[in-house]
Amino acid sequence: FLLCLEYPQVGVCCGFLLNQHYNPAFVSLQMMKHAWDNYKRYAWGLNELKPISKQGHSSNLFGNIQGATIVDALDTLFIMEMKEEFKEAKEWVEKNLDFNVNAEISVFEVNIRFVGGLLSAYYLSGEEVFRKKAVELGEKLLPAFNTPTGIPWALLNIKSGIGRNWPWASGGSSILAEFGTLHLEFVHLSHLSGNPVFAEKVMNIRKVLNRLDKPEGLYPNYLNPSSGQWGQHHVSIGGLGDSFYEYLLKAWLMSDKTDEDGKKMYYDAVQAIETHLIRKSSGGLTYIAEWKGGLLEHKMGHLTCFAGGMFALGADGAPSDKTGHHIELGAEIARTCHESYDRTRMKLGPEAFRFDGGVEAIATRQNEKYYILRPEVIETYMYMWRLTHDPKYREWGWEAVEALEKHCRVDGGYSGLRDVYNNHESHDDVQQSFFLSETLKYLYLLFSEDDLLPFEHWVFNTEAHPLPVLHKDDGNKEENQK
């Protein structure tokens with residue numbers, strides 16, 4: 001009952017407690033409270049939580065920067081009106097969030113989680129500390145662009161300013177999804193700081209890409225920042241490629257539909273994807289294959305499942321005869337991804353699933369059977385619900401809630417799973433920061449009214465951090481809060 005008094009915004013939650021009439025938005029808020037309270041209890045100030053071990057978890061993606069879960073969760077706390085939790089998170093940011101560390105970080109991960117999280121918290125709350133911290137961190141990321149082409153390094157020591165690429169990347173290349181997923185945040189950094197350098201850096205990436213020939217109109221995943229040439233001709237709308245395409249569309253939407261270059265790049269890319277990568281299985285499931293030097297690998301990653309929502313979100317801007325087609329494409333991808341969940345014992349989807357050797361939407365390799373609390377399928381359900389109001393998307397979302405509660409919820413938080421096809425849970429003992437930032441936020445939005453963060457005013461970065469549309473008549477940096 002006290003929870004009802006504390007969180008009245010989710011509706012008649014006392015009915016849930018007394019009559020067991022489930023209010024799904026309230027349940028997703030409860031899940032957030034369980035995840036957050038346990039992070040606070042066992043890993044406060046550290047990056048992530050190990051919910052089985054009940055201690056902190058550190059990822060080398062963030063170097064010595066701490067507090068990834070706090071910064072990633074700020075806007076979710078605010079949106080869910082968890083006011084006390086938001087206040088304590090803000091106080092931690094004010095006193096403890098420190099970027100003056102001698103550490104090598106992932107430019108991409110720090111941008112989408114920390115810069116994106118701080119920007120969103122600022123726009124939602126108006127608290128100046130978040131704007132200052134976002135700009136400070138943005139300035140520390142700028143040396144990553146000190147390459148012959150201006151295509152940034154993947155890794156950066158934020159004290160020395162020395163960058164390098166992942167040693168496994170083809171021919172010393174930068175990764176398409178990494179350097180292609182800076183645009184939204186860096187445009188907002190320029191908007192809020194008055195310093196054009198941030199936007200200039202990401203617009204230069206566009207110039208480099210537009211000068212290059214694309215094999216069959218497709219963008220390979222690897223680009224050498226020194227030579228400005230493609231590495232291996234591997235193409236994926238999942239890992240290594242995914243959010244590049246998302247940011248082309250969202251850059252256009254965020255610009256109040258004035259970024260014609262972003263728009264053209266997006267719809268040209270979708271045309272090439274549809275021609276060369278999208279296929280239909282013998283069982284009638286539409287999937288997005290991976291392209292390796294002209295040969296298709298009939299595999300689709302969980303990460304690729306975001307594309308259903310992307311196609312639907314971009315339907316309005318497509319040529320008029322293609323609008324319905326893009327919505328239908330989104331619906332077909334959503335159905336395929338739902339099948340990848342439904343065909344497991346845990347009813348949660350594997351990291352990757354295949355369409356070959358007589359199987360459809362099933363993982364066949366042991367190292368692809370895990371689930372790490374990823375949001376992409378729920379993200380697509382949320383977009384499809386908002387854009388079509390077909391009730392099946394809420395039903396599918398509720399199935400995911402039930403599966404998460406049954407198999408991932410543990411006493412100390414939420415844990416990923418090592419094998420979603422197994423009869424018994426084997427937990428990986430990590431509560432990823434994106435579970436609070438993305439998975440739980442998308443669930444909450446799926447079950448909330450459409451006027452909560454409406455699409456005409458907000459775009460979500462690839463970590464689900466909402467950023468406001470920048471209208472042409474915005475006279476000053478504060479205008480977007482109105």
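In helix 4 of this predicted model, the buried residues are Ala68, Thr69, Ile70, Val71, Asp72, Ala73, Leu74, Asp75, Thr76, Leu77 and Ile79. Helix 4, which runs over residues 68–79, is therefore mostly covered, with 11 of its 12 residues buried, since a residue counts as buried when its relative accessible area is under 20%. Just after helix 4, Glu81 adopts a positive phi of about 60 degrees.

A second topic is the annotated site. According to the unreviewed UniProt entry, the annotation "active site" covers Glu109, Asp242, Glu351 and Glu376. From this set, Glu109, Asp242, Glu351 and Glu376 belong to the lining of the largest pocket in the model.

| Residue | Helix | Relative accessible area |
|---|---|---|
| Glu109 | helix 6 (residues 107–125) | 13% |
| Glu376 | helix 15 (residues 376–388) | 8% |

Glu109 counts as buried because its relative accessible area is 13%, which lies under the 20% limit. When residues up to four places away in sequence are not counted, Glu109 touches Leu61, Phe62 and Phe114. Glu376 is likewise buried, because its relative accessibility is 8%, and, once its neighbours within four places in sequence are left aside, Glu376 is in contact with His302, Leu303, Cys305 and Phe306.

Terms used
Residues are numbered from 1 along each chain as its sequence is written. This is a predicted model: local features need pLDDT of at least 70, side-chain atom pairs count only at pLDDT 80 or more; totals for chains, interfaces and linings use all residues. Side-chain values use heavy atoms; hydrogens and water are left out. UniProt positions are given in the numbering used here, feature names are shortened, and annotations may be inferred rather than shown by experiment. On a 1 Å grid over the protein atoms alone, a cavity is a set of points where a 1.4 Å probe fits but cannot get out, and a pocket is an open set with protein on both sides within 12 Å along at least five of seven lines; lining residues have an atom within 4 Å of a point. Helices (H or I, at least four residues) and strands (E, at least two) are DSSP runs, numbered from the N terminus. Buried means under 20% relative accessible area, exposed over 50%, partly exposed in between (1.4 Å probe, protein chains only). Contact means heavy atoms within 4.5 Å.
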